[in-house]
Amino acid sequence: HLFPLYPLGSLVLPLAYGYVFKNYKSASLILRLFNKINSILTNRVYQTWYDFEFHGFSLFGSNVELVGNGIKSVNKLGVIRSNFIDNEYMNILFSRRAVAFVLFLILTFITLIYLYKNQKHDLLFISFIILTFGLMNPRIMNIVYSVFMFIVVYVVKSILFEGERKNGTV
């Protein structure tokens with residue numbers, strides 16, 4: 001049941017880091033704490049915050065290119081940076097925007113609840129592993145690298161046609 005913390009934490013942590021980064025002195029304990037967390041997560045927190053700063057937030061948004069050109073692009077501060085978001089939840093938010101992000105979360109919640117209530121523990125375990133892996137790798141929605149979207153399709157099909165199966169028409 002930790003899944004809701006993944007996208008929420010993926011969103012809140014960089015925004016909180018940005019706030020602290022902008023508003024606290026470099027010697028402050030809270031900024032040192034955030035910098036330590038950022039360091040442990042190999043600069044992913046700063047990188048995601050910077051993308052919020054650079055690209056902004058949009059419901060439908062514009063075409064944001066987030067892959068490649070890491071050492072070729074220089075940010076506002078003159079620091080060489082990568083524009084690749086390797087957290088799947090933030091990657092969905094930036095590349096597909098907020099509406100797709102919310103739809104993905106809704107489908108994922110429905111999928112996990114269905115798997116739990118119908119005692120599909122094997123698929124629930126696989127989903128948990130894939131969703132946890134999504135914190136560090138943007139491959140959940142890519143069917144070449146992840147079976148999670150197949151699990152979502154299975155659940156949606158099961159929900160849509162469950163009544164027909166009970167009535168004997170399927």
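Keep in mind that the model is predicted.

Let's start with the aromatics. A pair of rings is described by the distance of the centres and the angle of the planes. In this model the count comes to twelve aromatic pairs. Take Y46 and W49. Their ring centres are 5.6 Å apart, and their planes sit at 55°, so this pair is tilted. Stacked would need planes under 30 degrees apart, and edge-to-face over 60. Both residues belong to helix α3. They are three residues apart, about one turn of the helix. Are they buried or exposed? Y46 has a relative accessible area of 10%, so Y46 is buried. W49 is at 8% relative accessibility and counts as buried too.

Now a second pair, Y89 and F104. Here the centres are 6.5 Å apart and the planes are at 50°, so this pair is also tilted. Which helices does it link? Y89 lies in α4 and F104 in α5, so the contact ties together parts that are 15 residues apart in sequence. Y89 has a relative accessible area of 0%, which makes Y89 buried. F104, at 5%, is buried as well.

Back to Y46 and W49. They are members of one aromatic cluster, together with Y17, F21, F34 and Y50.

Y17 takes us to the next feature. Which residue does the side chain of Y17 meet in a polar contact? The partner is the side chain of N35, at 2.9 Å. N35 sits in helix α2, which covers residues 29-40. How accessible is N35? The relative accessible area is 29%. Buried means under 20%, and exposed means over 50%. N35 is therefore partly exposed. One more distance for N35: V20 is 15 residues away in sequence, and the two C-alpha atoms are 9.8 Å apart.

Last, the surface. There is a nonpolar patch made of F57, L59, F60, V99, V102, L103, I106, I110 and I159. Together these residues have about 850 Å² of accessible area. Which element gives the largest share? That is helix α5, residues 97-117, with five residues of the patch. L59 comes from elsewhere: the loop between α3 (44-55) and α4 (88-95).

Key: Residues numbered from 1 in each chain as written. Predicted model: local features only at pLDDT ≥ 70, side-chain atom pairs only at ≥ 80, totals over all residues. Heavy atoms only, no water. Helix = DSSP H or I, 4+ residues; strand = E, 2+ residues; numbered from the N terminus. Buried < 20%, exposed > 50% of the residue type's maximum accessible area, 1.4 Å probe, protein only. Polar contact = N/O pair within 3.5 Å; in protein donor to acceptor, adjacent residues only side chain to side chain. Patch = residues over 30% accessible without salt bridge, like charges linked within 9 Å, V, L, I, M, F, W, Y side chains within 5 Å. Areas by Shrake-Rupley, 256 points an atom, 1.4 Å probe, with all protein chains shown as cover. Salt bridge = Lys/Arg side-chain N within 4 Å of Asp/Glu carboxyl O. Phe/Tyr/Trp six-rings, centres within 6.5 Å; stacked < 30°, edge-to-face > 60°.
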